[in-house]
Amino acid sequence: MTRLTGTALRVTIFIGESDLWHHKPLYTEIVHRAHRAGLAGASVFRGIEGFGASSLVHTHRLLSLSEDLPVAVVIVDAGDKIRAFLPQLDELVAEGLAILDDCEVIRYVGREKDR
């Protein structure tokens with residue numbers, strides 16, 4: 001199990017829910033590559049409304065249904081591991097935004113295997 005405490009880096013990738021990589025969701029490919037790279041963890045968050053570089057507003061509201069809601073993929077790990085992963089994001093993300101933040105991990109605990 002990965003141990004992670006103290007200073008870390010968080011990379012957040014903002015993409016569209018309908019963005020694809022070889023006929024499957026791009027966010028899925030990012031999460032699976034982060035897992036294969038041994039990163040501490042990755043989570044995908046679905047937005048309810050937003051816009052990006054295209055200035056097109058995407059929303060979940062019934063009167064203006066969108067099939068391309070905003071999605072944020074958040075990955076946290078030690079700085080060197082995150083920076084080593086960035087070339088894969090360059091390969092995968094054709095449209096979107098990726099940001100890096102310094103952060104501090106105060107608790108990182110997994111589930112016990114017996115559960």
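The paragraphs below go through the model's confidence, a loop and the salt bridges.

This is a predicted model, in which local features need pLDDT of at least 70, side-chain atom pairs count only at pLDDT 80 or more, and totals for chains, interfaces and linings use all residues. Residues are numbered from 1 along each chain as its sequence is written, and side-chain values use heavy atoms, leaving out hydrogens and water.

The predictor's confidence in each residue, pLDDT, runs from 0 to 100. Its average over the chain is 88, and 85% of the residues score at least 70. Helix α1 (residues 26–36) has the highest confidence, at 98, and strand β6 (residues 58–59) the lowest, at a mean of 66. Helices (H or I, at least four residues) and strands (E, at least two) are DSSP runs, numbered from the N terminus.

Most residues other than glycine have a negative phi. In the loop between β2 (20–21) and β3 (24–25) lies H22, with a positive phi of about 50°. H23 lies in the loop between β2 and β3 and has a positive phi of about 70°. Buried means under 20% relative accessible area, exposed over 50%, and partly exposed in between (1.4 Å probe, protein chains only). H22 counts as exposed because its relative accessibility is 63%; H23 is exposed at 79%.

A salt bridge is a side-chain nitrogen of Lys or Arg within 4 Å of a carboxyl oxygen of Asp or Glu. By this rule there are seven salt bridges. E29 is buried, at 7%, and its side chain meets K24 at 3.2 Å and R36 at 3.8 Å. K81 and D77 form a salt bridge at 3.7 Å. Shared partners join K24, E29, R33, R36 and E91 into one network of salt bridges.
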